[in-house]
Amino acid sequence: VIVSTKRLDGKVVITVRDNGNGIPSKVLDKIFQPFFTTKPAGQGTGLGLSLAYDIIRAHGGDIKVETKEGEGSEFRIYLPT
């Protein structure tokens, strides 16, 4: 996992990158929905990304994700300065 920060156009950008399996394209549009999980029933609630999304948006920010299956994912959080 690599975490970095920078200022860009009046915003703070926090980037979190991993070299995991990536996110399958068939679920990518669902990852910020409450209770979405790819785990078997009873193995997780799927609230983490949904809560993070809501908190970031409540602070006037945004979150974007880029991913490649088999190569990893990169989340970018944009917050106003």
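This report walks through the pocket, the nonpolar core and the salt bridges of a predicted model.

Residues are numbered from 1 along each chain as its sequence is written, and side-chain values use heavy atoms, with hydrogens and water left out. Because the model is predicted, local features need pLDDT of at least 70 and side-chain atom pairs count only at pLDDT 80 or more, while totals for chains, interfaces and linings use all residues.

**The pocket**

Let's start with the largest pocket, which holds about 270 Å³ of space. A pocket here is an open set of points on a 1 Å grid over the protein atoms alone, where a 1.4 Å probe fits and protein lies on both sides within 12 Å along at least five of seven lines. Its volume is the space filled by probe spheres set on the points, which are joined across faces, edges and corners. The lining has 13 residues, with Phe-36, Thr-37, Thr-38, Gly-46 and Leu-49 nearest the centre; a lining residue has an atom within 4 Å of a point. Six of the lining residues are nonpolar, six polar and one charged, with Gly counted as polar. Helix α2 (residues 48-58) gives the most to this lining, namely three residues; helices are DSSP runs of H or I with at least four residues, numbered from the N terminus.

**The core**

In soluble globular proteins, nonpolar side chains tend to be buried together. Here the largest nonpolar core is made of Ile-23, Val-27, Ile-31, Ile-56, Ile-63, Phe-75 and Ile-77. Such a core joins buried nonpolar residues through side-chain atoms within 4.5 Å, where buried means under 20% relative accessible area, exposed over 50% and partly exposed in between (1.4 Å probe, protein chains only). Leaving aside residues up to four places away in sequence, Ile-23 touches Ile-31 and Phe-75, among others including Leu-28 and Val-65; a contact means heavy atoms within 4.5 Å.

**The salt bridges**

There are five salt bridges in the structure, each a side-chain nitrogen of Lys or Arg within 4 Å of a carboxyl oxygen of Asp or Glu.

| Pair | N to O distance |
|---|---|
| Asp-62 and Arg-57 | 3.4 Å |
| Asp-62 and Lys-64 | 3.2 Å |
| Glu-74 and Arg-76 | 2.9 Å |

Asp-62 counts as partly exposed because its relative accessibility is 21%.

Key: Helices (H or I, at least four residues) and strands (E, at least two) are DSSP runs, numbered from the N terminus.
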